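Student: I'd like to learn how to read the backbone of a model like this one. Could you walk me through it?
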Amino acid sequence: MVGAAGDPAFASKDVITSASGLPVPRYVSLKSDHVNVRAGPTKDNDVAWVYTRSGLPVEITAEFENWRRVRDSEGAEGWVYHSLLSGRRTAVITMKSKDDLATLYDSADANSSVAARLEAGVVAQVKRCASGWCRISGSGFDGWIQQQRLWGVYLDEKVN
């Protein structure tokens with residue numbers, strides 16, 4: 001998995017403070033199931049595409065006034081108006097092969113009982129992360145997963 005700006009050595013402490021006073025880069029999620037992504041940071045710019053999945057995690061990579069440049073888990077980038085984003089943390093399950101399943105455990109221990117097996121692309125709410133493990137939940141599942149299996153949290157990031 002690659003961190004911010006394509007740097008695998010990126011750590012959550014390597015942040016730049018933005019005009020909003022919040023760190024850049026940072027992860028957020030889409031607030032709505034209809035989010036226009038524009039080619040530039042104004043409404044005069046064409047809509048490049050539309051996200052149709054509320055809760056999808058995106059990484060803010062830049063800010064310009066009330067606009068945020070975002071990147072999704074597939075690497076697509078564009079500009080979104082700030083009010084269409086939420087601070088609610090979510091993540092996407094990532095696997096080396098789309099056919100592999102990610103194991104969700106009852107506790108932050110690979111020797112604990114298996115709570116579920118999740119497909120790549122499943123979006124989950126991030127409850128907390130520490131020591132390489134994250135507690136996530138979603139429709140029909142709740143448990144612990146290795147942090148490296150998630151796109152939407154940095155490798156060493158603590159989430160409370």
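Tutor: Happy to! This is a predicted model. Start with burial: of the 160 residues in the chain, 43% are buried.

Student: How many helices and strands does the secondary structure hold?

Tutor: There are 16 strands and 0 helices. For contacts between residues at least 6 apart in sequence, 53% link residues at least 24 apart.

Student: What should I look for in the backbone angles?

Tutor: As a general idea, most peptide bonds are trans, and most residues other than glycine have a negative phi. Now the cases here. The bond from Val 24 to Pro 25 is cis, its omega being near 5°. Pro 25 sits in the loop that runs between β2 (23-24) and β3 (26-30).

Student: Which phi value does Glu 65 have, and where does Glu 65 lie?

Tutor: Glu 65 has a positive phi, near 50°. Its place is the loop between β6 (57-64) and β7 (67-71).

Student: Is Glu 65 buried or exposed?

Tutor: Exposed counts as over 50% relative accessible area; Glu 65 has 63%, so it is exposed.

Student: And what about Ser 131?

Tutor: Ser 131 also has a positive phi, near 55°. This residue lies in the loop between β13 (123-130) and β14 (133-138). Its relative accessibility is 71%, so Ser 131 counts as exposed.

Terms used. Residues numbered from 1 in each chain as written. Predicted model: local features only at pLDDT ≥ 70, side-chain atom pairs only at ≥ 80, totals over all residues. Heavy atoms only, no water. Helix = DSSP H or I, 4+ residues; strand = E, 2+ residues; numbered from the N terminus. Buried < 20%, exposed > 50% of the residue type's maximum accessible area, 1.4 Å probe, protein only. Contact = heavy atoms within 4.5 Å.
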